[in-house]
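User: I have a protein model open and would like to learn how to read its features one by one. Could you walk me through them?

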Amino acid sequence: GCLRIPLDSDNAVEESPVTQPNEANPRPVAVIVELIDHTSRIASLNDREDLAQRLLAAKTRISDPRIRVVIAGQLKQGKSQLLNSLLNMPVARVGDDESTVLTTVVYYGDAAAAELILAPSENDGPGADPTVVAIPPNQLATDLRQAPQAQGRQVLRVEVAAPSPMLKGGLTFVDTPGVGGLGQPHLSATLGLLPDADALLMVSDTSQEFTAPELTFIRQAVEICPVATIIATKTDLYPHWREIVAANTAHLQRARLNIPVVPASSALRTHALALNDKDLNDESNFPAIIKFLTDKVLSRENDRIKDQVVTEIHAAAEHLSLTVSTELAAINDPDKIERMKAELERQKEDAQNALQQTALWQQVLNDG
């Protein structure tokens, strides 16, 4: 059916159809989980707890029904307003200052709720899990780094449950702090979210063409998460937005980045929902964003997570088979043992040299 995003019981704007995740053939995931369990048992029998832990993490990842969409971009590009307008509810902080200062994870809930995820304190001991503290949803409009519920502890992220029909099929949005600013303090944290993401919405407003740091970030991000689109925001503010979109499309082509650019206006979307105006909603171009989410993300057309997990199983199997094949070769050809020892010593020396160079590089990076 059509997704209806209600403002109240009598007023709604019909959206383009948004399908549920593809559940027509759940067997591949079940087969992958069975392979993980089988490989884990073999790893444990061979005292390879390191492989067993990696496989456990892979099992957790493949078993998670959530479909994560990371919203990223430089400072003050309209990321949080885009998310609020998309869901038609205030799930992310919007303001004139640097409003998104904490990663905000938004998922479906029957009722609105919010939680702070706090770093373990010194009294919790090593290896302690983060602490979860509930907060009133209306507190989302404040700087939650200073929330009294945190009691001075570091806030790792904010998690928000929202009763939005768009999220009901497992769609989960991750709103990130801006990656610009002096030293780009949030850059590595945002890139670190992308390996487990199913898609990326890169937000850049239409006030000007891409900056060099933006293009660099886009290139890095797409290498990690290739299912991506660029949302060119604030088209209602800048009459020359078409020229900016055309210029940015050309920049992407020159950089050999095959990423679509979708112009959009969060302000028009908000007015459209308030007035129940379908034409105004079409003008906001938010249906194009929903189409991307439907066709490329919810359909899992490019299921990266599944591919990554299969690669993890394959790597673990290679580790385990190498041990057995080495022992078998030693039995069949005793003279080969010395040659293998010499080769392993050489590889060990190469690895130590590489590690030393990496350590020096890290030192230079930290000094910089």
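User: How many helices and strands make up the secondary structure of the protein?

Analyst: Happy to start there. This is a predicted model, so local features need pLDDT of at least 70 and side-chain atom pairs count only at pLDDT 80 or more, while totals for chains, interfaces and linings use all residues. Residues are numbered from 1 along each chain as its sequence is written, and side-chain values use heavy atoms, with hydrogens and water left out. Helices (H or I, at least four residues) and strands (E, at least two) are DSSP runs, numbered from the N terminus. Here the protein has 11 helices and 11 strands.

User: What percentage of the residues count as buried?

Analyst: Buried means under 20% relative accessible area, exposed over 50%, and partly exposed in between (1.4 Å probe, protein chains only). Of the 368 residues, 42% count as buried. Accessible areas come from the Shrake-Rupley method with a 1.4 Å probe; for residues, only the protein chains shown count as cover. The accessible surface comes to about 20200 Å², and 53% of that belongs to carbon and sulfur atoms.

User: Of the contacts between residues at least 6 apart in sequence, what percentage join residues at least 24 apart?

Analyst: A contact means heavy atoms within 4.5 Å. Among contacts between residues at least 6 apart in sequence, 74% join residues at least 24 apart.

User: Let's take a helix. Which residues of helix 6 are buried?

Analyst: The general idea first: an α-helix has 3.6 residues a turn, so residues three or four places apart point the same way. In helix 6, the buried residues are Trp241, Ile244, Val245, Ala247, Asn248, His251 and Leu252. They cover an arc of only 165° around the axis, which puts them on the same side of helix 6; the arc is that of the directions from the helix axis to the C-beta atoms. These buried residues pack against helix 5 (212-224), strand 10 (228-233) and strand 11 (261-263). Turned away from the buried side is a face with the exposed residues Arg242, Glu243, Gln253 and Arg254.

User: What span should helix 6 have?

Analyst: The expected span of a helix is 1.5 Å times one less than its number of residues. With 14 residues (241-254), helix 6 should span 20 Å, and its end C-alpha atoms are 20 Å apart, which agrees. Just after helix 6, Arg256 has a positive phi of about 60°.

User: Is helix 3 largely enclosed or open?

Analyst: Eight of the nine residues of helix 3 (residues 79-87) are buried, so it is largely enclosed by the rest of the structure. Among them are Lys79, Leu83 and Ser85. Asn88 follows helix 3 and has a positive phi, near 60°. Ser266, in helix 7 (residues 266-275), is buried at 7% relative accessibility. Leaving aside residues up to four places away in sequence, Ser266 touches Gln81, Leu82, Ser85 and Phe286.

User: Which strands pair with strand 3?

Analyst: Two strands pair if DSSP finds at least two bridges between them. Strand 3 pairs with strand 8 (residues 171-175) in the parallel sense over five bridges. Strand 3 also runs parallel to strand 9, joined by five bridges. Val70 has the bridge partner Val174 in strand 8 and Leu200 in strand 9. Six of the seven residues of strand 3 (residues 67-73) are buried, so this strand is largely enclosed by the rest of the structure.

User: How many salt bridges does the structure hold?

Analyst: Side chains of opposite charge can pair when their charged atoms come close. A salt bridge is a side-chain nitrogen of Lys or Arg within 4 Å of a carboxyl oxygen of Asp or Glu. The structure holds nine. One of them joins Arg54 and Glu312, with the closest N and O atoms 2.6 Å apart. Arg54 lies in helix 2 (residues 49-63) and Glu312 in helix 10 (residues 304-332), so the pair ties together parts that are 258 residues apart in sequence. Arg54 is partly exposed at 37% relative accessible area, whereas Glu312 counts as buried at 19%.

User: Where in the structure are Lys291 and Asp295?

Analyst: Both lie in helix 9 (residues 286-298), four residues apart, and are separated by about one helical turn. Glu343, Arg346 and Asp350 are linked in a network of salt bridges.
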